[in-house]
Amino acid sequence: MIQLLQGLFDGVAMGAQYSVIVLGFVVIYRATGIINFAQGGFVLIGAYVTYNVSQTWGWNFYLALLVSILVTAGVSMVVQRILLQWVLRETVGVALLLVLWAVFYFNGWGHVSAVATAAVVGLIGYGVTRRIEQHLGTGQTKELPVFGSIMVTIGLLFVIKQIVPSIWGFSELNMGDPWGLNVTKVGGLVLSHAKLWTIGLMAAALVAFFAVNRYTKIGVAMRATHFDHEAAVAQGISLRVVFAVAFGIAGGVAALAGTTAGAGIAQLTPNLDLVVFFAFPAMILGGFDSPGGAVLGGVIIGIVQNLTKVYQPEWDLQWLGVGFDRVAVYIVMLLVLMVRPYGLFGTKEVHRV
Amino acid sequence: MNQPAVATVAAEPILAVQNIEVVYNDVILVLRGVSLEVAEGEIVALLGANGAGKTTLLRAVTGLLEVHRGNITKGTVSFLGRRSNLDDTSRLVRNGLSQVMEGRRIFAELSVEENLRSGAYTVRSRQAVNEAHDRVVDLFPVLAERARSTAGYLSGGEQQMLAIGRALMASPKLLLLDEPSLGLAPLLVQQVRYIIRDINAQGTSVLLVEQNAAMALSIADRAYVMENGRIVRDGTGAELLADADIREFYLGVGETGHRSFRDVKTYRRRKRWSA
Ligand SMILES: Nc1ncnc2c1ncn2[C@@H]1O[C@H](COP(=O)(O)OP(=O)(O)OP(=O)(O)O)[C@@H](O)[C@H]1O
Ligand SMILES: [Mg+2]
């Protein structure tokens, strides 16, 4: 009994993380129709930014987490505008920022003054380009075709996986989280603080997302866009805004997932993004386009994985192999798909023009 | 402007389409030099057979061509005296151009209330949204009764009301309607007709695309007839209602009581001359 409860608790903690990761995929898929393979990259960026702010700069861990969420959301939005929509003004602005930052830095400036100066020039570049675009009457929303976008996100994942270790190295790092190995025992149950916090933070993120999606103007706009892209445009809903918000949300939740996944002793490595692949079956299980499905799928996968770990030795199933818990996840996914080909909550058609 | 008003158009045009050519996928030429004007306060009807290019014309006006890989290759569109070819739809809606798309296109998974709110997306002031909401609900009490139901569960007629109500939420200066009577019972068609007059009486100009020529012409100040991507006739509603060809081919009431293939051929010939 205790074993079962323990498996369930660990499973929910792991599943909550999967849910949030899958939510990132689902939100982008619903808005734009693409699968954003760079999500793993955002997870990495989020984790390392938290590490950097909390360990290198010595800030409070929760503050570092908040900074990381904002930074990763920003990176995600910029990536979307520049790589997937080719918005010229932003490309010019960010290119100036990055190039001048590097130039100033290698000429012996400090990071802060280099970034600040480069940012000012970048902003001016952005404004000038915007003026020119408005004058010429260009600068409308351009979209890459879906397939092209997906290839771009795959490329981006590789780029991020190169850049992150070149900044922070390959070694295992401590994130500086206050949870460490602390546990609270309830009866025979061992509740690790890291897992309790993971569940709490993820639940808060999910509740926040559902509230936004359900009650706010932008939430209505996102759902309308998902249902009928063209009719949404006809209402004056700006796809630029919807896409940007979707990528922002995806980036923010990726940072949250990355930080909790990397928390604990020597847990942070440049392979942290692999957690995304373990989360993938949860997305298929839940149905690609359902946020509710993301949550349920994530939790189911987390529980299946942990219960397999608990009961595999118990039932003398060692011969199935060491990593069988991850295989079990795929088996469950396939079984569900046989009954419900579009996942638990997926819609049959995706309404897109 | 201090020019004298043009003969057919009484006031300053709120919408002016000048000689536009529209091409889909860079090759399919669908509009071949179409001009059309809507003056402030007018109801203008646009008639034409299936595939004539009516919906395409509306897309060209509202900036939705982009979604269909269409392009305006020649000519200009001006809304409120400002060239608007390159404006995106979002800005046009904010400036007062709303539309009811062909086939209603309500957000079936959203609630009725949410559908209405999506129509007010470009309206910043909460008070303006509430006022528009009151007006819409006044016009369509059923939308208030069913506010919380899923829009997809409304009847076809109610969905059409919702589509119109949604477009009115932005308090447009010009409302484009693409076949609002499609698939409605005669009684509901009448209702739609009254509603369009109501909306117009409250100060909104209307461009009405219709297959139901009798209904459209009976409320239109002026009308255009479109064939094969060209405007082939225009005139006041009454003029076109009285016109023999229009009566025969759009109202289905021939002078002789029946139509023969030869009549169709003469009509085509006559039309070629007039175009
Ligand atoms: N997205 C598109 N791509 C290519 N061709 C198109 C597209 N949309 C419309 N067309 C073509 O343009 C022509 C005009 O179509 P349009 O929908 O504007 O006609 P319509 O007058 O609105 O017809 P209906 O009364 O049937 O609605 C048709 O021949 C159609 O095949
Ligand atoms: Mg049409």
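In the hairpin formed by strand 4 and strand 5 of chain B, two residues lie between the strands, and B:Leu80 takes a positive phi near 55°. This is a predicted model, in which local features need pLDDT of at least 70 and side-chain atom pairs count only at pLDDT 80 or more, while totals for chains, interfaces and linings use all residues. Residues are numbered from 1 along each chain as its sequence is written, chains are lettered from A and ligands numbered from 1 in the order in which they are written, and side-chain values use heavy atoms, with hydrogens and water left out. Helices (H or I, at least four residues) and strands (E, at least two) are DSSP runs, numbered from the N terminus.

Two strands count as paired if DSSP finds at least two bridges between them. B:Phe79 has B:Arg82 of strand 5 as its bridge partner. Strand 4 of chain B is also joined to strand 1 (residues 13–24) of chain B, antiparallel, by eight bridges. There B:Val22 has B:Ile72 of strand 4 as its bridge partner. Strand 1 of chain B in turn pairs with strand 2 of chain B in the antiparallel sense over nine bridges, and B:Glu21 has B:Arg32 of strand 2 as its bridge partner.

Taken together, these four strands of chain B form an open sheet in the order 2-1-4-5, with antiparallel pairing. Strand 2 (28–39) and strand 5 of chain B are at the edges with a single partner strand each, so one side of each has no neighbour in the sheet. In a regular strand, side chains alternate between the two faces of the sheet. Helix 1 (residues 54–62) of chain B lies across strand 1, strand 2 and strand 4 of chain B, and runs at about 115° to strand 1 of chain B. Such angles run from 0 to 180 degrees between N-to-C directions, and axes are lines fitted to C-alpha atoms, for helices over the stretch in contact. Contact means heavy atoms within 4.5 Å.

Chain B has another open sheet, of six strands in the order 6-7-8-3-9-10, with mixed pairing. Its edge strands are strand 6 (97–100) and strand 10 (230–236) of chain B, each pairing on one side only. Neighbouring strands of this sheet are turned against each other by 15° on average, direction ignored. Helix 6 (residues 156–168) of chain B lies across strand 6 and strand 7 of chain B, at about 175° to strand 6 of chain B. Helix 7 (residues 186–201) of chain B lies across strand 3 (43–48), strand 7 and strand 8 (205–210) of chain B, at about 155° to strand 8 of chain B.

Chain A is followed here through its helix packing. Helix 11 (residues 275–286) and helix 12 of chain A pack at an angle of about 130°, their axes 7 Å apart. That angle makes helix 11 of chain A oblique to helix 12 of chain A; angles under 35 degrees count as roughly parallel, over 145 as roughly antiparallel, 65 to 115 as roughly perpendicular and the rest as oblique. Residues of this contact include A:Phe278 and A:Leu285 of helix 11 of chain A and A:Gly297 and A:Ile301 of helix 12 of chain A.

Helix 12 (residues 291–314) of chain A also meets helix 13 (residues 324–339) of chain A, where the axes come within 8 Å and cross at roughly 130°. Helix 12 of chain A is therefore oblique to helix 13 of chain A. Among the residues that meet are A:Ile301 and A:Val304 in helix 12 of chain A and A:Phe324 and A:Val329 in helix 13 of chain A.

Finally, confidence: pLDDT is the predictor's confidence in each residue, from 0 to 100. Chain B averages a pLDDT of 86, and 87% of the residues score at least 70. Among the elements of chain B, helix 11 (residues 261–274) of chain B has the lowest mean pLDDT (50) and strand 7 (residues 174–178) of chain B the highest (97). Where pLDDT is low, the predicted coordinates should not be read in detail. The model scores ipTM 0.86 and pTM 0.84.
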